Amino acid sequence: MGTPPLASGVCAGGGSVGWIWMNSCTLGSPVLPISFLFWLFLVTPGAWAAGYETCPTVKPGMLNVHLLPHTHDDVGWLKTVDQYYYGILNDIQHASVQYILDSVISSLLEDPTRRFIYVEMAFFSRWWKEQTNATKDTVRELVRQGRLEFVNGGWVMNDEAATHYGAIVDQMTLGLRFLQDTFGDNGRPRVAWHIDPFGHSREQASLFAQMGFDGFFLGRIDYQDKVVRQKKRKMEEVWRASASLKPPAADLFTGVLPNNYNPPKDLCWDVLCADKPMVEDPKSPEFNAVTLVNYFLKLAFSQQQYYRTNHTVMTMGSDFQYENANMWFKNMDKLIRLVNEQQQANGSRVHVLYSTPTCYLWELNKANLTWSVKEDDFFPYADGPHMFWTGYFSSRPALKRYERLSYNFLQVCNQLEAQAGLAANLGPYGTGDSAPLNEAMAVLQHHDAVTGTARQNVADDYARQLAAGWGPCEVLVSNALSQLSYYKQNFSFCRELNISICPVSQESEHFQITIYNPLGRKVKHMVRLPVGEGIFFVKDPDGKAVPNNVVMLPSSSGKEDQWELLFSASVPALGFSIYTVDKVSVQNNLQAISRKHRSHARSRVLTIENEYIRATFDSSTGLLMKIENMEQKLSLPVSQGFFWYNASTGDKKSPQASGAYIFRPSRLKPLPVSRWAKIHLVKTDLVQEVYQNFSAWCSQVIRLYPGQRHLELEWTVGPIPVEEYWGKEVISRFDTPMKTNGEFYTDSNGREILKRRRDHRPTWKLSQTEPVAGNYYPVSTRIYITDGHMQLTVVTDRSQGGSSLKDGSLELMFLLEFLKACTRFLNASSSLFPGRSSQVHRRLMVDDERGVAEPLMESEAGSTVRGRHLVLLSSVSDAAARHRLLAEEVVLAPQVVLAQAGSSLYYSWAAPRMQVRDGELDRKAEPRTQFSGLRRELPPQVHLLTLARWGPKTMLLRLEHQFAVTEDSGRNLSSPVTLNLQNLFQTFTITHLQETTLAANQPLSTASRLKWLTNTGEDLAGILPVTGS
Ligand SMILES: [Zn+2]
C-alpha cells in the first residue's frame, strides 16, 4: 500500500459526459488496507505511435495496395457459437473457426511477410485454451512481430443499433482484457473494425475513441451516401462522435472500406469461393496470370480515385474464410510477386503488400492531410432503394428484453461481488460466479444476436447462454445478500415475475422480499407481486406497517382470477431493503372495487391522476385523449393506439420482402388494430389503472402510481394471427397536435441524443424511396418530439425501432412476425454455399434474403410479448432531467428477491464488519434489514456505470456524467460535478487509484492516440477538465 491519493474527483458534464473508473480491491475480514486503481476514460492524443513499428515498408511515390487478409467469424448466426467453432452442421453453412485459426497460424509461419488480422475474442480465447505451450509461444512471437494482429478485440463485433452502451463497454472490456492478459501491449488493438454491422451509431465511435483506438473501419453504409462520398473523396473522415466531449476526446478517424469487407470480384481464393487461382505457366491452357494482374492493376487505380492518399486497401477474406489459408496465401504470394517484380520492371507504379488495417491507418496518418469532419451517424442503412435495414431494430422483442434484463442483473451481480468480497463466490448457497453471465452478455452483443437476425435455434441458444449465466449469479447474489445482511434466507428469484408468476408469493402465507438497488441514489420502487386472494400485512425494514393494496387483474376468459399485491418500497443507494409480508385473511373485497370502477367508466370521459400527472380517456372509444403535467401546467391532447403495417412480400417496384433485417411495409398507412378499446378502470390508494383491450392479441394497461412523474403504458401483444401472406408489423403510435417541423429525437445506444429529420440526411441530399422504413431509427432507450415549449418523451424497456412519420406523431415498433407459410423456408443444405462467391453470401437466403433463412417467429414463449413505455410530458427545460433519471431507473431497476419466511442468522468467516468510524470496526454487527453500500448518495449527474471486482485486491469503477452539455437548463444538471471518493464506499476502503482508458486495458497516463488534422481547426484543443478534491 502506498500513500493513497484517497480523494479523487471527476469533473465531467459541462463539458459533458465523463466516466471515471477505478480499480479497487475487495474486503477481507477485518478490513485490510486495499489498493485501488482508478480509471478515467478520457484519452490524451499524442503523436506517439507505438504499435506501428512492425508495419511493412511501403513505396512512396507509388500506389500502395494494402492486402488485408481477414476472416469474419460471426459469434452465432445460422449456426450456434459452438457449432461455428467446432465446425458442426457444415451442411447448413461450411464454417469451422478452430480450423481457420490452425490453418492461418501455419500459413503465417511459412513466410514472414504474410499477415493476418483476427477480431472475435469469443472464438480466439477458446482456441487459445486448447493450444500447447509451444504453439502459444509461437503465436506470441507472431503477435510481437505484427504478423498476427488483433483488431477491434472485443469479445464479439457488436451490433450498434440494438445495443446499450453499458453492454458495449462490458463486452469490449472482456475481449480487450483477454488480449492484455495474454499478449500484453503487443496484443492491444489500435484499430476498431466493424465491417458487418448494419449501420453505425455515433456513440459507438465515441466509445471507441475513449477506449484509445486510433481509427475505425466500416463495411456497410447507405448506398446513396457511399456514391456521394466516393465522388467527394470523403470515404475517410474524422468522426466527431460526441456533442459533449471536447474535441478531440471523442474524435475517431473513420474509413469506409471499398467493397464492404469482401475481396474484389474474381479475386476470392478461398475454399468457399469459385474464383480461378493464379496460373503462371504460359503453356497451361488455364494460364491467366497476365489477365489477373492487369485486372488487379486496373482495379487498384479505379479504387484509388475515391480515396485521398496513394494508399488503398483490399479486404482479402470474408465470412468464415481461411479454413484452408494456404489457398489464399499461395495466390496472394503470386500476385504480390508478379505485380511488384514483373510489373514494376515494366514501369508499373503499383506496389502491393501484405498489410493490416493498423498499418494502412498509419500510412494515412503519416500523409498529414487535413480531413473533413462528420458529426451525424450512419443510420438507417440501405443497400438499395427498397432495402432499408430497419427491421432488425425491432426483431425478436422478447430476446431484446431478455438481453436488457440480463444487463441489469449482471450489474447487480458485479456490484454485490465487489461489495461482499470473496464470500460472494463461496458461501452458504454454493459457488457463485459472475463470469458466465458476463460472457453470455458479451455474446449477446454480437450483430446477429441482440439484433434478432439469427436463426431460431441460434436465438434459442443465445437465450440458453443467458439463462445459464443467471444461475451462478443468483448463487453469488444470495451469498452476498447473506453476507451483507447476516440473514440466511430461502431465496427465490422468480424469473417469471414479469408475467405474474412467482410460486413463493402466490403460495406462501409469510414471505420476505429483499430489494436491491443498483443505482447510486435511493429509489422508491412499487413492488408488484402475484398473490392468492387475501388481505396482507406488509412491514418495512424497521418493522413498521406499509400501506398495501391487492388488485385483481382483469380475468381473461376461462382463467382463474389473478391478484397482485402492491406496496411502495424505499431502497437506499447501492444497497437493499428487506420487507416482510404476512397474509392475514383469505377474504377480499376487491370485487366491489372492480365493480365500482366499471360503473365509473360509463361517464363520457374518465381520468386517472396523481399529484403530477392527469391522463384523460374518451370512454366511448376507450383511448387516451389527453395528458396533463399539472406541476408545470402543461396540457397536450394525445391519442395513442396500436396499428400494424402489412409486411411486404415484394412488389412490382422490387422483390424485396420485409424480414428480420429489412422493414418494408406494403402500404404506407398502417391499419388500426382496433379503433376502440374495451376498458376497465382500477383505482386504489396505490395505483390507478385503465385496462384497454384492443383485440384478442393486443391489450394495454395505462397506469399511474403516487409520486410518479410519468405515465406507464404496459402493452401485451401476441400471438399475432397472420392471414395467409400477411405479415404484421405492429406499432404503438402517439398522435398529438404538436408542431414538430418534421423533427424528432432518438438516443444513440442509450447515451447521447441525435436529432432526426423526416426524409432528410444531414450529409447528403436524400432521395427517399421508402417513406416509412427509410425514416425509422434505432431507439435504445428513448425517443421524443418537441415543439420548443414542451416535450413528449417515451422511454422504452428494450431496443426498438421508432419514427415520427408526421408532425406531432411518434411511433415505436415492437413485433415482426410472419406466417410460416408466407416466407419461403429454404432448406439451406443444398445450394447455399458451395460454389458461391462470397460477395453474394447474405443475399442467397430467405425471408428478406439477408441471410437468416427462415421466417421470423419468436419461439412459443416469445409469441406473446409484454413491455412498458414510460411517457413523460414536460417543459423542454425540465425534460432532460426527467428522462435521464427515468431511463437510468429503467436500465438499472431494483432486483427483487423473494424468500419464504424462516430466515436464520448467518455469519460467515469472511463476513465484513462495517467500519463505524474510520479504522474502527463494528464487531457486534446486528442482522440488517437495510443496507447502503455508499456513505453518501451520488449527485443526480453521476451514473455509476460499473462497480466490479477486477482482481483479488482491485476493483473496476466507472462513473459517468450522464447529462449532455447544455441539455439541462432547469436544474443546471449539465454542469461539471466534482465527486469525493474518499470513504465513499461502505464495505471497502480505497487506498490507491489508477485511471485507465474506457475499456480498462491501458493506464491513462501511458495512453496516447494518433493526431489528425481536421478542417475545423480544433484538433489541439485540450481534453475535458478533471478536478480532484
Ligand atoms: Zn457478421
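Predicted model: local features only at pLDDT ≥ 70, side-chain atom pairs only at ≥ 80, totals over all residues.
Residues are numbered from 1 along each chain as its sequence is written, and side-chain values rest on heavy atoms, with hydrogens and water left out.

The zinc ion is coordinated by NE2 of His72, OD of Asp74, OD of Asp196 and NE2 of His447, at 2.0 to 2.1 Å; donors are here N, O and S atoms within 2.8 Å of the metal (3.2 Å for Na, K and Ca), and sites may look incomplete because water is not among the atoms. Along the chain these donors follow the spacing H-x1-D-x121-D-x250-H. Asp196 is placed in the loop between strand 6 (191–194) and helix 6 (202–210), and His447 in the loop between helix 12 (435–444) and helix 13 (456–485), so the pair ties together parts that are 251 residues apart in sequence. Helices (H or I, at least four residues) and strands (E, at least two) are DSSP runs numbered from the N terminus. The four donor atoms subtend angles of 91 to 161° around the zinc ion, which makes the arrangement irregular. Under the criteria applied, four donors count as tetrahedral if all angles lie between 85 and 135 degrees, four count as square planar and six as octahedral if opposite donors are over 155 degrees apart and all others between 65 and 115, and anything else is irregular. For reference, ideal angles at a metal are 109.5 degrees for four tetrahedral donors, and 90 or 180 degrees for six octahedral ones. Asp196 is buried, with a relative accessible area of 0%, and His447 likewise counts as buried at 0% relative accessibility, where buried means under 20% relative accessible area, exposed over 50%, and partly exposed in between (1.4 Å probe, protein chains only).

With a disulfide defined as a pair of cysteine sulfur atoms within 2.5 Å, the count comes to four disulfides. When bonded cysteines are counted along the chain, the disulfides follow the pattern 1-4, 2-3, 5-6, 7-8. One of them is formed by Cys55 and Cys359, with sulfur atoms 2.1 Å apart, and the torsion about this S-S bond is about -85°, so the disulfide is left-handed. The pair links distant parts of the chain, 304 residues apart, with Cys55 in the loop between strand 2 (37–40) and strand 3 (63–69) and Cys359 in helix 10 (residues 357–366). Both Cys55 and Cys359 are buried. A disulfide also joins Cys268 to Cys273, with an S to S distance of 1.9 Å, and these two cysteines are buried. The link of Cys494 and Cys502 has an S to S distance of 1.9 Å and is right-handed, with 55° about the S-S bond; both residues are buried.

A search of the whole structure finds 43 salt bridges, each being a side-chain nitrogen of Lys or Arg within 4 Å of a carboxyl oxygen of Asp or Glu. Among them, Arg144 and Glu141 meet at 2.6 Å, N to O, and both lie in helix 4 (residues 133–144), three residues apart, about one turn of the helix. Arg144 counts as partly exposed at 46% relative accessibility, as does Glu141 at 31%. The side chains of Glu752 and Arg202 form a salt bridge of 3.2 Å, N to O, and this pair links distant parts of the chain, 550 residues apart, with Glu752 in the loop between strand 35 (743–747) and strand 36 and Arg202 in helix 6. Glu752 and Arg202 are both buried. A network of salt bridges links Arg528, Glu564, Glu689, Arg703, Glu712, Glu714 and Arg868; within this group, the side chains of Glu564 and Arg528 meet at 2.6 Å, N to O.

Two further pairs are separated along the chain. Pro762, in the loop between strand 36 (753–757) and strand 37 (777–779), is exposed, with a relative accessible area of 57%, and is 386 residues from Asp376 in sequence but 6.9 Å from Asp376 in space, C-alpha to C-alpha. Phe116, in strand 4 (residues 116–118), counts as buried at 1% relative accessibility, and its C-alpha atom is separated by 9.8 Å from that of Met316, 200 residues apart along the chain.
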